[in-house]
Amino acid sequence: MRIREWQDVLEDVTERDVDPEDWRAVAGDRASGVGEDMYLAHPRAGVFFLKTYAKNPFEVRGVGSRVARKVDDEIGSFLPERDSGGRFAVQSPPEDEEQAETVGKRLETVLETHADAPTRPQDLFDDVMDAIESPAFGPMEYDQYDRPDELEDLSERFEEADELLNSELEDLIETDEVDRGFM
C-alpha cells in the first residue's frame, strides 16, 4: 500500500477509464481526532481510502491510498445502492474557455429539460454530472456529525490501512499544530 497526499489519490480516481456513474462513497467523522474518513469505490477501479482534515477554512490536508483492486461482494455490501439518497461527485475544472462554454451550454439544456418534465432528483443529478463531464459520481452514505455503520464496517475490513493512514494523518495534524485548541 502506497500512502500519498489525498489530492493525488483523487487525481488517480479522476483519471480512471471507467464508467463515472458507477462510483460509490461512504464518509463521516474519523473514529478519533479531527477530520473525516472517506472510501471511494468502483467495481473496476477498486477502493480508495482518504483521511482529511481542515487545516484552516481555506486548506484541506490529508492522506490516502488505494486499498483494494476491485470491489468484491463483501465490500459491495457496505456501499450504498444506486438509488440511495445522498450524492457525491469529483470534478475537474474545464481545461479552457471553449470547453467551459460547451459544458455551460450542455448544463443549460439539461436544466431546461428537467424544468419542463417531472423527474426524480437522482435523475437530475446524474444528467448534470454527465453534462459537466464529472469523472466520478454516484450515491454516498455520509454523516457529517458521526460515523455511518458502513464506515465502521469498512474500517474494520481495512484495519491495517486505517491504522497506517491514521498515523500519517496524525503526523500532519501535529506538524500543522491543528490539534491545539484556541484560548
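Contact here means heavy atoms within 4.5 Å. The model is a predicted one.

Seven strands build an open sheet of mixed pairing, ordered 1-5-4-3-2-7-6. Its edges are strand 1 (4-5) and strand 6 (87-90), each of which pairs on one side only.

Strand 1 pairs with strand 5 (residues 59-68) in the antiparallel sense, over two bridges. Arg 4 has Gly 64 of strand 5 as its bridge partner. Strand 5 is also joined to strand 4 (residues 46-56), antiparallel, by nine bridges.

Now move along the order to strands 2 and 7. Strand 2 (residues 24-29) and strand 7 (residues 136-143) run parallel, joined by four bridges. Ala 27 has Tyr 142 in strand 7 as its bridge partner. Helix 5 (residues 149-157) packs on the sheet and touches strand 2, strand 3 (36-42) and strand 7. The direction of helix 5 makes about 95° with that of strand 2.

Helix 4 (residues 121-131) lies across strand 6 and strand 7. Helix 4 runs at about 0° to strand 6. Gln 122 has its place in this helix. Is Gln 122 buried or exposed? Its relative accessible area is 16%. Buried means under 20%, so Gln 122 counts as buried. What does Gln 122 contact, leaving aside neighbours within four places in sequence? Its contacts are Asp 83, Ser 84 and Arg 87. Arg 87 falls in strand 6 (87-90), an edge strand of the sheet.

Technical notes
Residues numbered from 1 in each chain as written. Predicted model: local features only at pLDDT ≥ 70, side-chain atom pairs only at ≥ 80, totals over all residues. Heavy atoms only, no water. Pairing = 2+ DSSP bridges. Axes fitted to C-alpha atoms, helices over the stretch in contact; angles between N-to-C directions. Buried < 20%, exposed > 50% of the residue type's maximum accessible area, 1.4 Å probe, protein only.
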